[in-house]
Amino acid sequence: MAIDPKEFVLGFDSLWNSGNREAILEAVDDDSVVDLIPAPPPPGRGRYQGREEIAHFVDAFLPGFHVDSRGFTTAGDEIVWETDVSNDVFRSLGLDPASGTTRARLGPGGKLRQFSFTLDEASAAKLPR
């Protein structure tokens, strides 16, 4: 992988932490996929696919957003890191922060192609059923 995983993650985190919706959407590929594991309770969704759906994801999760990331590694063409995320959605679910493992794959031009956030056991246990 030609990109430094820490550099990519911290740059992407910076876009989210700044609240810059347009810059976030510019950093994703048109065919990107975002997975949240486990899926949040309705009306939340576990998967967002394509630019239009990812715009809805960003609009839902950006209010009150802050992320801290650490432990940047690569596994093949995948960047893997640990994340603590706070936002209005997670706070409403009793998660502040929501902690877990994040994975990303980049597409052409270094844009985000695949992104998944898997809650750790402690965070997942707090989700309403």
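Trainee: How many salt bridges does the structure hold?
Mentor: There are 13 salt bridges, counting a side-chain nitrogen of Lys or Arg within 4 Å of a carboxyl oxygen of Asp or Glu. Keep in mind that this is a predicted model, where local features need pLDDT of at least 70 and side-chain atom pairs count only at pLDDT 80 or more, while totals for chains, interfaces and linings use all residues. Residues are numbered from 1 along each chain as its sequence is written, and side-chain values use heavy atoms, with hydrogens and water left out.

Trainee: OK, pick one. Which residue does Asp 59 form a salt bridge with?
Mentor: Arg 21, with the closest N and O atoms 2.5 Å apart. That pair links distant parts of the chain, since Asp 59 is in helix 3 (residues 50–61) and Arg 21 is in helix 2 (residues 21–26), 38 residues apart. Helices here are DSSP runs of H or I with at least four residues, strands are runs of E with at least two, and both are numbered from the N terminus.

Trainee: And how accessible is Asp 59?
Mentor: Asp 59 is partly exposed, at 39% relative accessible area. Arg 21 also counts as partly exposed, at 27%. The scale is buried under 20% relative accessible area, exposed over 50% and partly exposed in between, with a 1.4 Å probe and protein chains only.

Trainee: Switching to strands 3 and 4: how many bridges join them?
Mentor: 8 bridges, between strand 3 (residues 66–75) and strand 4 (residues 78–86), and the two run antiparallel. Strands pair if DSSP finds at least two bridges between them. His 66 has Ser 86 in strand 4 as its bridge partner.

Trainee: What's in the turn of that hairpin?
Mentor: There are 2 residues between the strands, and Gly 76 in the turn has a positive phi of about 65°.

Trainee: Last topic, aromatics. How many aromatic pairs are there?
Mentor: The count is 9. Rings of Phe, Tyr and Trp (its six-membered ring) pair if their centres lie within 6.5 Å; planes under 30 degrees apart are stacked, over 60 edge-to-face and the rest tilted. Tyr 48 and Phe 57 have ring centres 5.1 Å apart and planes at 50°, so that pair is tilted. Both residues are buried.

Trainee: What sits over the ring of Tyr 48?
Mentor: The charged end of Arg 45, 4.5 Å from the ring centre. The rule there is NZ of Lys or CZ of Arg within 6 Å of the ring centre and within 35 degrees of the ring normal. Tyr 48 also belongs to an aromatic cluster with Trp 16, Phe 57, Phe 61, Phe 65, Phe 90 and Phe 117.
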